[in-house]
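User: I am new to this structure and would like to learn how to read it. Could you take me through its features one by one?

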Amino acid sequence: MARIARIKRNDQKMYEVAVIIPCYNEAKGIADVIKKMPYKRAKRNHWNLHVYVIDNNSSDNTSEVARQAGATVIHEPKKGKGNALRTGFASLPETTDFVVMLDGDDTYDSGEVLRMIEPLYNEFCSVVIGSRMGGKRTADSMSFTSFVGNWFFTNIVRVTHKVPVTDVLTGYFAWTKQALDELRPHLRSDGFAIEMEMITKMARMKYDIYSVPISYTPRAGESNLNPISDGARILRMFASTLQWRPSGRQQARSESRNAEQA
Ligand SMILES: Nc1nc2c(ncn2[C@@H]2O[C@H](COP(=O)(O)OP(=O)(O)OP(=O)(O)O)[C@@H](O)[C@H]2O)c(=O)[nH]1
Ligand SMILES: [Mg+2]
């Protein structure tokens, strides 16, 4: 049975949406990512967008640029996308209803954030993944190695975890705050294996995970990804989650919460 961590919608209420952007030296792209957020259109849908940039010890002026563009900047000195994300998730105010994450290199379109929230707001599911594979991807946005690696990882996850994902290495996610809070204590990954860890653990926790098609364009600034070493880490993460189960106590707690909500 799918886990229920959906919101109970109240059309009178303004919903708080926290957008988390992990950044390591993204001064070239981050201002555009923040400025393209559809703040006004979100308000008309009852959603307040608040952007949090997690600056991962950048040596350029990412923090300054992000602050000037209107984001709240949080510093995480320990390197790695996983560390930055976990710090961001832990820093969110209690009043947050939905959480979105995307990269700071302007490859994903922050203007599409509303499409990521819609299935959560309309109580369709509790986790949304932005899929580049089923979306609008420009020919030069992804290298051949990344394309093949993604195809391979996506298919082994689909077969072993039985989740309908089409892009397991995407950096665009959205959750209800409750779903993210249940996932958070299970996350260990420091770096680029974090997406694989999140998807496979959420599958094991039986979350209802669905995808929306998104756009993907070439990055602004230097890439941080090493296809060989990061690919090996992602594969090790996949292998380690094959045996993983949430601990008995955590499982019981969330099952009793599901029963209360049903
Ligand atoms: N490598 C790296 N990236 C980090 C770190 N902290 C945060 N990030 C961010 O994680 C996001 C994804 O990193 P990218 O280098 O774009 O990786 P990618 O999208 O898989 O690879 P590209 O196709 O080269 O863009 C970006 O917003 C980075 O700035 C870190 O310590 N190291
Ligand atoms: Mg990128």
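**Reading the sheet and its surroundings**

Analyst: The strands β4 and β6 (residues 173–176) pair in the antiparallel sense over four bridges, where strands count as paired if DSSP finds at least two bridges between them, and where strands (E, at least two residues) and helices (H or I, at least four) are DSSP runs numbered from the N terminus. This is a predicted model, in which local features need pLDDT of at least 70 and side-chain atom pairs count only at pLDDT 80 or more, whereas totals for chains, interfaces and linings use all residues. Residues are numbered from 1 along each chain as its sequence is written, while chains are lettered from A and ligands numbered from 1 in the order in which they are written.

User: In what order do the strands of the open sheet stand?

Analyst: The open sheet has seven strands in the order β3-β2-β1-β4-β6-β5-β7, with mixed pairing. Strands β3 and β7 (209–216) stand at the edges with a single partner strand each, so one side of each is left without a neighbour in the sheet.

User: How many bridges join β1 to β2, and in which sense do β2 and β3 pair?

Analyst: Nine bridges join β1 to β2, and these two strands run parallel; alanine 18, for example, has histidine 50 in β2 as its bridge partner. Strands β2 and β3 pair in the parallel sense over four bridges, with isoleucine 54 standing opposite isoleucine 74 in β3.

User: How should I read burial, and which residues of α4 are buried?

Analyst: A residue is buried if 20 or more other C-beta atoms lie within 10 Å of its own, exposed if 12 or fewer, and partly exposed in between, with C-beta atoms placed from the backbone. In helix α4 (residues 81–90), eight of the 10 residues are buried, so the helix is largely enclosed by the rest of the structure. The buried residues are Lys81, Gly82, Asn83, Ala84, Leu85, Arg86, Gly88 and Phe89. Strand β2 is mostly covered too, with seven of its nine residues buried.

User: Which residues come nearest to ligand 1?

Analyst: A residue is near a molecule if its C-beta atom, placed from the backbone, lies within 6 Å of it. Of the 18 residues around ligand 1, Tyr24, Asn56, Asp103, Ser223 and Asn224 come nearest, and β1 and α4 each supply at least two residues of the shell.
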